[in-house]
Amino acid sequence: MHNAHCPSPCSNFETTEMLTRRRLLAQLLLVTLYGALVSSEHLLEPGYSISTVLDFNKPLPSAGLDVSGIIPFALHPLTRSPNLLLLLDSSNSAFYSLDLPLSQESHIRLLSGNGTTGFSDGDAISTMFKRPRSFAVDYNDNVYVADRITHVIRKINGHSGVTTTIAGGYTQKEGHTDGSAQNATFSADFDLLFMHKMCSLLICDRGNRMIRQMDLKPEDCEEKPQSSKGLGAIPVSVIAAVALLCGLGLGFIARPFVTSSSTTGSLREPLHTPLTESNPNNSDETSTDALLRHQKRSC
Ligand SMILES: *[C@@H]1O[C@H](CO)[C@@H](O)[C@H](O)[C@H]1NC(C)=O
């Protein structure tokens, strides 16, 4: 190393290099020896036991569904349906739900994926995935699938069971473009994590060596079953309180605005204000916020 910089005494370069090589060899030997010593230490903690609760090599009650070829790849619990377990069969590009507790008699239902490898959205048996390996589940049991080979993110709606493409739908190619989700691109190797606190999916984009974030819709992060009208109740009550403070007259003025904003049905609508307090991405100010501020100013 030192020799590389010296201008004059480089005549003994070769011998120094040989010395360095010998030192390296010795160090390598030491590291190997140390590694061998360390890896031979096993702390065997007793007290656990293992049993097979579901064996796909044995006959299973099929109920019209061909379950003989299932190769379990990954499992995930469901929040809304705590008595079900989600199973991904990556090789056969299909998601199943299993009844809990697991047994050889556990009911197996197809959640999505007709077993053919491909890219097609729709209901459980129209949908095709391309051997996905990673998925995330939100509090409404919506399943977000990292369909890595197609470079898209799919969503299996936990309520309707319909599968849609939520990211990369236009592009369907490899890349690392951010922005509008349908125009975004992903590598061929990425993982998903549902982050309730941020109401988002974190994309561990291995292929691009990046962690990326996809903001979800507020409804995906609602913990309790609520109708769209139930959601609307929160800001309306807030507005009512503000209106009371400001005087009844303003309340009457605000009413038509509130009614019109909650009937549009747009998912970017204001009705999630209390949920997104901690969300750093609050760039799009909702109309209710604007309305509230407007009222406060006029107080
Ligand atoms: C996304 O892609 C579509 C189809 O190529 C195009 O029409 C649209 O303008 C793109 N949107 C953005 C924001 O780039």
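A disulfide is a pair of cysteine sulfur atoms within 2.5 Å, and by this rule the count here comes to 1 disulfide. The model is predicted, with local features needing pLDDT of at least 70 and side-chain atom pairs counted only at pLDDT 80 or more, while totals for chains, interfaces and linings use all residues. Residues are numbered from 1 along each chain as its sequence is written, and side-chain values use heavy atoms, leaving out hydrogens and water.

**View 1. The disulfide of Cys199 and Cys221.** The two sulfur atoms of Cys199 and Cys221 are 2.0 Å apart, and the link is right-handed, with 90° about the S-S bond. Helices (H or I, at least four residues) and strands (E, at least two) are DSSP runs, numbered from the N terminus. Buried means under 20% relative accessible area, exposed over 50%, and partly exposed in between, with a 1.4 Å probe and protein chains only. Cys199, at 12% relative accessibility, counts as buried, and Cys221 is buried with a relative accessible area of 2%, whereas Cys204 is partly exposed at 39%.

**View 2. The open sheet β9-β10-β11.** Three strands stand in the order β9-β10-β11 with antiparallel pairing, where two strands pair if DSSP finds at least two bridges between them. The edges are β9 (190–195) and β11 (210–215), each with a single partner strand, so one side of each is left without a neighbour in the sheet. Between β9 and β10 (residues 200–205) there are 6 bridges, and Leu193 has Leu202 in β10 as its bridge partner.

**View 3. Salt bridges around Arg206.** A salt bridge is a side-chain nitrogen of Lys or Arg within 4 Å of a carboxyl oxygen of Asp or Glu, and a search of the whole structure finds 8 of them. The side chain of Arg206 meets that of Asp189 at 2.7 Å, N to O. Arg206 lies in the loop between β10 and β11 and Asp189 in the loop between β8 (163–167) and β9, so this pair ties together parts that are 17 residues apart in sequence. A salt bridge also joins Arg206 to Asp191, again with an N to O distance of 2.7 Å. Asp191 lies in strand β9, so this second pair ties together parts that are 15 residues apart in sequence. Arg206 is partly exposed at 41% relative accessibility, as is Asp189 at 32%, and Asp191 at 24% counts as partly exposed too.

**View 4. Strand β2 and its two hairpins.** Strand β2 is mostly covered, with 6 of its 6 residues buried. Leu84, Leu86 and Leu88 point one way from β2, while Leu85, Leu87 and Asp89 point the other way. With β1 (residues 74–77), β2 pairs in the antiparallel sense over 4 bridges, and the two strands form a hairpin with 6 residues between them. With β3 (residues 94–99), β2 pairs in the antiparallel sense over 6 bridges, and this hairpin has 4 residues between its strands.
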